[in-house]
Amino acid sequence: MARRRKSDEEEVSYWLSYSDMMAGLLLVFVLIISFTMLQSRIQYEEKTAEIERQQETIDSLLGVKSEIVEVLIKEFENSGLQIKVDSKTGAIMFDSDLLFDPDSAILKQSSKDFLDEFLPRYFSILLGDEYSDDIAEIIIEGHTAEFGTYMGCLSLSQERAFAVATYAANDNSILKEYVDLEKLRDVLTVNGRAYYDPIYDADGKYDMASSRRVEIKFRLRNEDIIDEILNSMS
């Protein structure tokens with residue numbers, strides 16, 4: 001039998017080593033791809049779980065708000081107080097003429113009778129046992145029509161909102177028979193907007209009479225994170 005030459009043996013050894021090296025590289029490549037796919041899968045599942053948690057948070061907050069708004073609508077729809085509750089936000093608006101004389105921030109006596117009926121019913125809902133833990137802020141907000149100077153309108157809108165807040169939260173308030181005044185004071189905020197949030201009629205025309213108003217709004221705890229969550233999800 002012919003003996004294999006040394007050069008032939010070296011060549012065979014070279015190709016075996018080369019094949020082993022390529023097989024090893026292929027294995028490393030497969031492992032890298034597998035690891036990358038696994039990481040992508042894990043990140044996808046984590047992202048999906050986070051989105052689901054965020055959606056649950058949004059649904060929970062919106063569900064509570066919708067429930068409170070529905071309760072407010074039912075409370076006042078047949079009350080005879082001629083109160084309209086915004087079906088989306090739960091905001092309640094009063095014409096300034098109902099509460100104040102023109103250019104005045106002093107509550108009329110008739111307005112006090114109105115507030116004596118309205119305030120207990122409103123705050124008993126928001127600060128009652130069922131929803132008080134969800135309420136972060138109750139805002140009393142004054143608005144004027146676009147008439148006169150900005151600073152004059154700003155001052156009047158703030159004073160009117162403050163007059164309503166004072167009537168609601170002072171030591172002799174009728175509310176002390178219905179809610180914890182300290183709890184009310186802890187969440188109560190007063191704002192004046194002057195004429196920078198006007199109201200327009202159905203034809204898009206500026207409604208001066210409706211723009212002169214006082215609004216009462218509420219904000220839920222963590223409600224401000226809804227926008228942050230929606231932004232992060234997008």
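**Before you start**

The model is predicted, so local features are described at pLDDT of at least 70 and side-chain atom pairs at pLDDT 80 or more, while totals for chains, interfaces and linings use all residues. Residues are numbered from 1 along each chain as its sequence is written, and side-chain values use heavy atoms, with hydrogens and water left out.

**Stop 1: the whole chain**

Show the protein chain as a cartoon, and you will find seven helices and four strands. These elements are DSSP runs numbered from the N terminus (helices: H or I, at least four residues; strands: E, at least two). Follow the sequence and the pattern reads α-β-α-α-β-α-α-β-α-β-α. Now colour by burial: 34% of the 234 residues count as buried. Here buried means under 20% relative accessible area, exposed over 50%, and partly exposed in between (1.4 Å probe, protein chains only).

**Stop 2: the sheet**

Select the four strands. They form an open sheet with mixed pairing, in the order S1-S4-S2-S3. Two strands count as paired if DSSP finds at least two bridges between them. S1 and S3 (188-192) are the edge strands, each with a single partner, so one side of each has no neighbour in the sheet. On average, neighbouring strands of this sheet are turned by 20° against each other, direction ignored.

Next, pick S2, residues 135-143. How does S2 pair with S3, and over how many bridges? The two strands run in the parallel sense over five bridges. S2 and S4 (residues 213-220), in contrast, run antiparallel and are joined by eight bridges. Zoom in on Gly-142: its bridge partner in S3 is Gly-192, and it stands opposite Val-214 in S4. Nine of the nine residues of S2 are buried, so this strand is largely enclosed by the rest of the structure.

**Stop 3: helix H3**

Select residues 109-126, which make up H3. The helix has 18 residues and reaches 26 Å from its first C-alpha to its last, close to the 26 Å expected; the expected span is 1.5 Å times one less than the number of residues. Look along the helix for a bend of about 30° at Leu-115, taken as the angle between axes fitted to the seven residues ending there and the seven starting there. Buried residues in H3 include Ser-111, Leu-115, Leu-119 and Pro-120.

**Stop 4: the aromatic cluster**

Show the side chains of Phe-76, Phe-94, Phe-114, Phe-118, Tyr-122 and Phe-123, which form one aromatic cluster. Rings of Phe, Tyr and Trp (its six-membered ring) pair if their centres lie within 6.5 Å; planes under 30 degrees apart are stacked, over 60 edge-to-face, and the rest tilted. By this rule the count is 10 aromatic pairs.

Start with Phe-94 and Phe-118, an edge-to-face pair at 5.0 Å centre to centre with 80° between the planes. Phe-94 lies in S1 (residues 92-95) and Phe-118 in H3, so this pair ties together parts 24 residues apart in sequence. Phe-94 is buried at 2% relative accessibility, and Phe-118 is buried at 0%.

**Last stop: a charge over a ring**

Finally, select Lys-65 and Phe-218. Lys-65 lies over the face of Phe-218, at 5.3 Å from the ring centre. The rule asks for NZ of Lys or CZ of Arg within 6 Å of the ring centre and within 35 degrees of the ring normal.

Terms used: Axes are lines fitted to C-alpha atoms, for helices over the stretch in contact, and angles run from 0 to 180 degrees between N-to-C directions.
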